[in-house]
Amino acid sequence: MFTGHKEMERFPSNEVMLDLIDLKKVYPTPKGDYVVLENLNLQIKKEEFITIIGHSGCGKTTMLSMIAGLNEISGGKISVLGSSIKGPGPDRGVIFQAPSLMPWLTTLENVMLGVKKVYPHATKKQKLDICKYYLHKVGMDNAINKRASDISQGEQQRVGIARAFAIKPKVLLLDEPFGMLDSLTRGQLQDVLIDVWNKEKITAVMITHDVDEAIFLADRVVMMTSGPRAKIGDVLSIDFERPRTRKAILEHDDYYNYRKHLIDFLEH
Amino acid sequence: MKDSIIRITKMIGLGFLEPVIRLIHKEDPQKNIREIFRKIIAPIASIIIFVFLWNSGANALFNSLSTSKIEKARDVGGDKEAERVAKLIQSAKEKLNGEFIISEDPADLKALENNNVYAVAIAKEDGSYDIKSGLTPAEKKEVPVTLPSPFQTKNAFYTLLIDYKVVRANKASFKEKTFEMNKKRVANGKKAITYTGRPSFVDQIKTSLKTVFAGFLLALFIAVPIGIIVGLSKTLRGSISWIIQIFKPVSPVVWLLLVTMIVTTLLRNSDSDSSFIISFISVGLCSMWATLVNTAMGVASVNTDYINVAEVLKLKPLQKITKVVLPASLPLIFTGLRITLSVAWMVLIAIELLAQSPGLGSFVWEEFQNGANDSNSKIIVAMFVIGLIGFALDRIMLFIQGLISFEKETI
């Protein structure tokens with residue numbers, strides 16, 4: 001539907017990683033059922049980075065937590081590489097809005113918690129190397145033995161990114177991961193995220209409120225209509241070359257067209 | 001250096017010394033002098049005011065009681081008798097509020113001739129003491145017994161201290177005397193003879209602490225596991241909450257009676273110390289509710305983000321509990337344990353008093369029944385000791401909580 005010729009080049013396998021089919025979510029209330037999502041269809045290819053924007057309360061987070069398996073599906077189907085999901089699992093890593101590190105563990109132990117689970121047969125040294133590699137990637141080498149409660153929120157979210165990538169998920173789900181940070185830290189963390197992602201190429205779905213962030217990170221920006229009965233309103237392909245730099249993108253001719261497109265949709 | 005000293009003093013509950021340390025290091029004198037006033041001088045002033053009020057209250061009670069005693073003497077024996085009683089009371093009062101002399105020199109016994117000496121204790125070679133009271137039998141007979149003044153309480157404290165040393169010396173000499181005999185008895189397969197004399201005040205404190213720790217451990221081992229299970233399962237919470245709601249407010253006395261019913265039946269053929277068992281089980285049952293409720297609440301209200309992380313990582317149920325749920329609810333569990341320990345200490349006194357098991361509670365009750373001149377003062381001493389120990393126990397718990405818990409600044 002929204003495939004362009006550039007996309008064919010960028011995703012050579014063209015394999016569908018995540019498939020949402022007629023997804024529906026209903027919350028029963030005393031006044032009758034409240035339908036949050038209905039007839040929501042979205043196909044995400046392998047190695048694709050998707051950002052989702054939409055108004056507050058439209059059901060973005062609901063959709064993401066359904067993909068994560070943390071929220072029950074009322075109707076329709078979600079499949080990863082063709083097989084339906086059953087509950088949460090480490091094949092779908094999540095970076096939450098709050099860093100949600102265990103404050104009683106060190107940053108290393110926080111990452112290790114997932115690594116131990118995903119690589120049960122690796123040696124201690126191998127596991128440690130994996131953790132250290134990702135903590136290095138997010139620039140936290142100097143704080144591996146600090147307790148999560150002793151580092152700043154930005155640093156905690158860095159560790160959150162390391163934790164999510166370290167378990168090598170098939171799909172990475174990000175729920176406004178930088179929403180609670182100041183704009184300077186947010187910029188830094190976007191760079192960290194895209195840096196790690198460029199190496200790993202994990203299929204990513206990210207919710208954001210920030211139009212610039214959505215364009216900078218995404219291959220496609222998915223716009224959701226306002227609830228109730230929210231669905232996909234529009235999809236915008238962002239055809240910038242990767243790897244991208246912020247400066248190059250801000251100076252690109254298409255940038256303001258993309259931006260205008262998104263803002264028009266949101267203000268519609 | 002300075003910061004680590006401050007951290008340590010704070011950790012052991014001496015945080016009020018912080019401004020002094022900062023002042024020594026010449027840091028912001030004006031602010032720290034103000035802090036010293038607020039944290040040290042003002043509390044000391046409040047203690048002085050408290051002692052002053054206590055003293056004047058005790059004096060007022062003493063005077064009103066002595067006036068009526070003198071009037072009664074006048075009714076019975078006329079003015080002469082009244083004058084005699086008034087004189088005795090006056091001199092007794094001076095002595096009661098007077099000095100307590102502890103010395104090694106028998107010559108100090110002469111101090112008893114002064115009018116302001118409560119008692120003299122002369123150390124003997126074996127560590128025991130000879131105590132001579134400054135009050136004559138006649139004075140003892142007439143002196144009114146009411147709320148003791150701070151000075152009387154201080155003297156009672158010394159009396160108890162000397163008494164402790166006397167009992168300790170007695171025990172030592174008893175051990176020495178029976179050492180050879182006990183050796184033979186044990187060799188012949190008989191039980192050794194143990195000291196069965198009067199316990200000292202310190203022995204009572206030790207017994208009480210032993211009972212309260214046994215009770216606290218019992219509460220810990222019952223309440224924490226049940227709390228976790230109840231917190232994890234909504235069904236169980238619903239089905240068990242009536243037990244908690246009904247039994248939580250039950251008075252310590254009733255628990256004691258209930259435990260007595262069960263324990264005396266179970267131990268009818270045993271010669272073990274049932275009063276200790278009864279009191280520690282009762283203490284445990286009275287005090288465990290705070291921990292039970294807090295643990296269940298803590299476990300049930302673990303931040304959903306942490307639970308989600310555990311779900312995404314597909315941790316096994318046991319891992320989920322040990323790695324996520326327990327650490328996350330530790331602050332609340334500890335708050336519960338702190339309440340449990342303070343409740344345990346509080347009900348312990350009442351339970352010992354009723355169960356006739358040795359300890360501070362029975363000490364207080366025996367002194368009250370005893371009705372000697374210094375009984376009331378000893379009760380006040382016991383009151384302060386009970387309060388201070390309770391305070392210390394709470395501080396210890398706070399210290400441990402600070403070591404284990406991930407949350408900073410818990411007070």
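Reply: A quick definition to start: a residue is called buried if 20 or more other C-beta atoms lie within 10 Å of its own, exposed if 12 or fewer, and partly exposed in between. Keep in mind that what you have on screen is a predicted model. With that cut-off, 31% of the 411 residues in chain B come out as buried.

Now for the overall build of chain B. You'll find 13 helices and 3 strands in it. Its radius of gyration is 28 Å, whereas a compact globule of 411 residues would have one near 22 Å. Taken along the principal axes, the C-alpha atoms of chain B fill a box of roughly 95 × 75 × 50 Å. As for how the chain meets itself, take the contacts between residues at least 6 apart in sequence: 65% of those in chain B join residues at least 24 apart.

One spot in chain B deserves a zoom, and that's B:Lys314. This lysine sits in the loop between helix H10 (304-312) and helix H11 (317-355) of chain B. Most residues other than glycine have a negative phi. B:Lys314 counts as partly exposed because it has 17 C-beta neighbours inside 10 Å, and the buried label takes 20 or more.

Next, the contact with the partner chain. Chain B puts in 13 residues and chain A puts in 18. On the chain A side, strand E6 (92-95) and helix H3 (107-118) each supply at least two residues. H3 of chain A gives the largest share of that side, with 3 residues. Sorted by class, the side of chain A that touches chain B has 11 nonpolar, 5 polar and 2 charged residues.

While you're looking at chain A, there are two backbone details to check. A:Lys168 lies in the loop between helix H5 (153-166) and strand E7 (171-175) of chain A. Phi of A:Lys168 is near 45°, again a positive value in a residue other than glycine. A:Lys168 counts as partly exposed, because 17 C-beta neighbours fall inside 10 Å.

The other detail is a peptide bond. Going from A:Arg242 to A:Pro243, the bond is cis, with omega near -5°. Most peptide bonds are trans. You can find A:Pro243 in the loop between strand E10 (232-237) and helix H8 (246-251) of chain A.

Definitions and conventions: Residues numbered from 1 in each chain as written. Chains lettered and ligands numbered in written order. Predicted model: local features only at pLDDT ≥ 70, side-chain atom pairs only at ≥ 80, totals over all residues. Helix = DSSP H or I, 4+ residues; strand = E, 2+ residues; numbered from the N terminus. Rg over C-alpha atoms; globule rule 2.2 N^0.38 Å. Contact = placed C-beta atoms within 7 Å. Nonpolar A, V, L, I, M, F, W, Y, C, P; charged D, E, K, R; others polar.
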